Amino acid sequence: MDPIWWILIIIIILVVFFLLIFFGYYNRIIRLENRIDNSWAQIDVQLKRRADLIPNLMETVKGYMKHEREVLENVTKARSALINAKTPQENMDANNMLTGALKTLFAVAENYPNLKANENFLNLQDELTNTENKIAYARQHFNDSVLVYNNIVETIPGKWFANMMGKKTREMLQIPEESREVPKVKF
């Protein structure tokens, strides 16, 4: 066989090998992006579920907390901000605001023994607690998905393929600085 044929066969094998690697990385990056989008959608579903529970909670609480108008207004504002959020960051900011408002609401509810004993209130409180746990799990899954994606996009050879595809790293969900502070307990 002529040496030119050998060179041509080697070139064809190298091109096929490069194409297989390219398509492998292309598909892997796309799958990871889809996993991130799905993870965000799961967070969004849980945040929507939480927002849907708030009106029922508010109706239960209103009759007992006539003098706690500001607390109820803060919960309502936070829920509205969550529903109207457009970007993931706006969504997480509104979620943090709602979390704070709900903590205040439940703290104030401690002053109303009849409310604390109300079956609807207890059921809604349990539902919100379960939803909070689901949100925390969904956030963790989102960040895990972003980590895997960013590892591919930032390491070689994935970085080369990601650059050819115009793909960039994604941001993880972060806890706001004020939430990182350790609470001070005094006796």
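**Entry 1: helix 3.** I worked on a predicted model. I checked the length of helix 3, which covers residues 88-109. At 1.5 Å a residue, its 22 residues should span 32 Å, and I found the end C-alpha atoms 31 Å apart, which agrees. At the start of the helix, I noted a side-chain oxygen of T87 within 3.0 Å of the backbone nitrogen of E90. I then looked up burial along helix 3; the buried residues include N91, M92, L98, L105 and F106.

**Entry 2: aromatic pairs.** I examined F18 and F161, whose ring centres are 6.1 Å apart; their planes stand at 35 degrees, so I recorded the pair as tilted. This pair links distant parts of the chain, since F18 belongs to helix 1 (residues 3-62) and F161 to helix 6 (residues 158-165), 143 residues apart. For accessibility, I noted F18 as partly exposed, at a relative accessible area of 45%. F161, at 5% relative accessibility, counts as buried.

I next took Y25 and F161, which form a stacked aromatic pair with 5.1 Å centre to centre and 10 degrees between the planes. Y25 lies in helix 1 and F161 in helix 6, so the pair ties together parts 136 residues apart in sequence.

**Entry 3: charge over a ring.** I looked up R170 and found that it lies over the face of Y149, at 5.7 Å from the ring centre.

Definitions and conventions:
Residues are numbered from 1 along each chain as its sequence is written. This is a predicted model: local features need pLDDT of at least 70, side-chain atom pairs count only at pLDDT 80 or more; totals for chains, interfaces and linings use all residues. Side-chain values use heavy atoms; hydrogens and water are left out. Helices (H or I, at least four residues) and strands (E, at least two) are DSSP runs, numbered from the N terminus. The expected span of a helix is 1.5 Å times one less than its number of residues. Buried means under 20% relative accessible area, exposed over 50%, partly exposed in between (1.4 Å probe, protein chains only). A polar contact is a pair of N or O atoms within 3.5 Å; within protein, one must be able to donate a hydrogen and the other to accept it, and residues adjacent in sequence count only if both atoms are side-chain atoms. Rings of Phe, Tyr and Trp (its six-membered ring) pair if their centres lie within 6.5 Å; planes under 30 degrees apart count as stacked, over 60 as edge-to-face and the rest as tilted. A charge sits over a ring if NZ of Lys or CZ of Arg is within 6 Å of the ring centre and within 35 degrees of the ring normal.
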